[in-house]
Amino acid sequence: MNFKIISTVISREYTTKVKKKSFLITTLIVPVIIAVGIFIMIQLVSNMTPRAQQVAVIDHTGGIVMPYLENNSSNTYTDCSSQAEEDMKGSLDKSGMDVLLVISELDSLNNVSVQAYSRKPLTVEFSGIVKRQVNKAIESYKISTYKDIENLESIIRDVKSDASLTEFLLDESGNESLSESGVYQGVSMIMGIFIFMFITMFGSMVMSSVIEEKSSRVVEVLISSAKATELMFGKIIGVALVALTQFFLWILLTAGIIFVLGSMTGGLQDAAQSAAMMEMAGNSGVNINAGGGDAAVLLSTLVKIPWGTMILSFVVYFVLGYLLYSSMFAAIGSAVENEGETQQLQLPLTIPLMIGYMIILFAARNTDSSTVVWGSMIPFTSPIVMLARIPYGVPAWELALSIFLLLVTFIVMAWISAKIYRVGILMYGKKSSFKDLWNWLKQK
């Protein structure tokens with residue numbers, strides 16, 4: 001292969017795509033959408049207040065449960081036990097009530113069931129509050145039936161425990177830092193999903209570009225001055241450089257927008273100060289759970305993540321994963337004349353990607369399970385799954401082996417794809433099948 005020609009193809013592919021309006025628009029719009037979405041989500045969560053509801057209660061236990069249904073900022077309970085259940089259901093709106101709770105009579109085991117009727121779906125928070133209050137009422141009633149045991153309620157209350165769990169990470173020097181497992185789970189899933197999205201998006205871009213040049217017969221002109229394999233690798237590398245350019249611009253622009261929005265609202269400064277105070281309190285043995293501080297723990301955990309290693313690993317796995325799949329996408333693009341014919345041939349490529357995506361959804365439960373480990377080693381799923389494992393810590397030899405297998409597989413698949421591309425790019429007037437690809441592969 002002539003590397004000078006390949007570099008010319010790379011330059012043409014890169015400049016053509018970078019100068020497109022679609023590239024400029026997506027490069028500028030996507031970071032704004034991501035940053036604003038993150039900022040709005042944080043603001044909504046921090047300022048979210050539950051919807052106030054008027055709750056009518058029909059208590060068939062004879063007043064056992066009703067005293068335990070305490071009013072709060074979101075729920076106001078009204079005893080309507082004297083009214084008929086069917087009448088209340090029919091006049092729920094007219095009575096000014098949002099929810100009707102019907103508590104059954106005590107059964108033989110002194111248990112009850114609760115039915116809730118409303119015009120709108122109830123929130124998970126409301127259901128949880130009602131369950132806790134009803135359970136507390138029934139527990140107290142059951143305790144009261146054991147009159148022969150003195151101070152039984154006090155004993156049970158003393159026996160119950162509400163332990164708090166604070167996570168710390170220890171470094172090699174034995175220094176401890178605050179941690180939150182949910183942050184690692186979120187980061188691992190985000191990284192895995194991003195690489196799945198980027199490989200699919202930019203791999204499809206290569207395939208679309210090949211189909212466009214083939215259907216317009218432009219490729220026939222290009223073939224006269226370059227080999228088919230040189231065109232394929234030049235196109236793949238050119239699109240890869242476009243993808244990396246867009247990726248790093250997204251990172252810089254998103255980080256900049258988040259920083260500006262955070263500085264304008266003072267959120268970043270407050271969270272940073274809280275994180276520093278909680279770090280000092282944790283190292284001093286003080287109970288940091290008293291008084292909240294979830295945002296500070298989150299920020300403290302994010303700071304401790306080795307972002308340099310994460311970003312470097314992301315780039316390595318993205319580049320190798322992209323090269324692996326884009327070479328196969330290019331082969332498919334060369335075998336068809338329009339994108340409507342790609343569905344059947346594209347299916348074997350999308351299945352491994354979807355399997356890798358499904359694995360990362362469950363990877364946080366056990367990052368060292370055999371399914372996750374093998375998924376991070378098999379080259380067709382490793383770019384996605386290994387990225388989800390890295391935040392939890394991966395042995396260096398596993399990381400090196402995974403990258404080596406991915407590199408070798410890319411070389412093999414690139415050789416196979418090049419043989420298919422060389423024949424398929426000049427084939428017209430016939431819908432290609434897997435049998436045709438196999439026959440092209442056997443040609444010398």
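View 1. Arg-389 is in contact (heavy atoms within 4.5 Å) with Thr-367, Asp-368, Val-372, Val-373, Ser-376, Val-394, Pro-395 and Glu-398, leaving aside residues up to four places away in sequence. The residue belongs to helix α14, helices being DSSP runs of H or I with at least four residues and strands runs of E with at least two, numbered from the N terminus. Arg-389 has 3% relative accessibility and therefore counts as buried, a term that means under 20% relative accessible area, with exposed over 50% and partly exposed in between (1.4 Å probe, protein chains only). Eight of the eight residues of α14 are buried, so the helix is largely enclosed by the rest of the structure. The model is predicted: local features need pLDDT of at least 70 and side-chain atom pairs count only at pLDDT 80 or more, whereas totals for chains, interfaces and linings use all residues. Residues are numbered from 1 along each chain as its sequence is written, and side-chain values use heavy atoms, with hydrogens and water left out.

**View 2. The largest nonpolar core.** A nonpolar core is a set of buried Ala, Val, Leu, Ile, Met, Phe, Trp, Tyr and Cys residues joined through side-chain atoms within 4.5 Å. The largest one has 68 residues, and those with the most contacts inside it are Ile-195, Phe-314, Phe-318, Tyr-322, Tyr-325 and Tyr-421. Helices that each supply at least two residues of this core include α6 (181-215), α8 (228-265), α11 and α14, and the largest share, 16 residues, comes from α11. Among the residues that Tyr-322 touches, not counting those up to four places away in sequence, are Ile-199, Phe-202, Lys-235 and Val-239.

View 3. Strands pair if DSSP finds at least two bridges between them. Five bridges join β3 to strand β1 (residues 53-59), and these two run parallel, with Asp-59 having Ile-103 as its bridge partner in β3. Five bridges also join β3 to strand β4 (residues 114-118), in an antiparallel arrangement, where Val-102 stands opposite Gln-115.
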